[in-house]
Amino acid sequence: MDKSKPKAAQDLTAQMETTMQELNKKFQAMSDQIVTRLEEMGMRINDLEKNVADLMQQAGMDECQVAEEIDPERQ
């Protein structure tokens with residue numbers, strides 16, 4: 001039996017483990033970026049909703065009036 005085969009198998013296993021660790025790090029970094037961007041988008045949406053509500057209040061409208069104007073049969 002050739003003794004290089006077990007060594008080659010060990011080398012391949014080590015190489016695969018290294019590759020998998022690198023992929024895991026890259027995946028985690030991408031996942032973190034996505035979560036951060038989603039959180040930023042959520043904050044922007046909340047700010048936008050607040051700004052729209054403020055503008056509606058300045059215009060003398062409330063949410064019920066706007067809903068009626070959009071869908072008069074909604075009551």
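Biologist: What percentage of the 75 residues of the chain count as buried?
Modeller: This is a predicted model. A residue counts as buried when its relative accessible area is under 20%. Of the 75 residues in the chain, the share that counts as buried is 3%.

Biologist: How many helices and strands are in the chain?
Modeller: One of the helices is α1, which covers residues 4–58. The chain's count is two helices and zero strands.

Biologist: Which residues form a nonpolar patch on the surface?
Modeller: Met 16, a residue of helix α1, has a relative accessible area of 44% and is partly exposed. Patch members need over 30% relative accessible area, so Met 16 passes that cut-off. Together the patch residues have about 420 Å² of accessible area. They are Leu 12, Met 16, Met 20 and Leu 23.

Biologist: How many salt bridges does the structure hold?
Modeller: One joins the side chains of Asp 11 and Lys 7, and Asp 54 forms another with Lys 50. The number of salt bridges in the structure is two.

Biologist: Is Asp 11, which meets Lys 7 in a salt bridge, buried or partly exposed?
Modeller: Asp 11 and Lys 7 are four residues apart in helix α1, so about one helical turn separates them. Their salt bridge has an N to O distance of 3.3 Å. Lys 7 has a relative accessible area of 48% and is partly exposed. Asp 11 has a relative accessibility of 40%, so Asp 11 counts as partly exposed.

Biologist: How far apart are the closest N and O atoms of Asp 54 and Lys 50?
Modeller: Asp 54 and Lys 50 are about one helical turn apart because four residues separate them in helix α1. Asp 54 counts as partly exposed, at 28% relative accessibility. A salt bridge requires the nitrogen and oxygen to lie within 4 Å. In the salt bridge of Asp 54 with Lys 50, the closest N and O atoms are apart by 3.0 Å.

Definitions and conventions:
Residues numbered from 1 in each chain as written. Predicted model: local features only at pLDDT ≥ 70, side-chain atom pairs only at ≥ 80, totals over all residues. Heavy atoms only, no water. Patch = residues over 30% accessible without salt bridge, like charges linked within 9 Å, V, L, I, M, F, W, Y side chains within 5 Å. Areas by Shrake-Rupley, 256 points an atom, 1.4 Å probe, with all protein chains shown as cover. Buried < 20%, exposed > 50% of the residue type's maximum accessible area, 1.4 Å probe, protein only.
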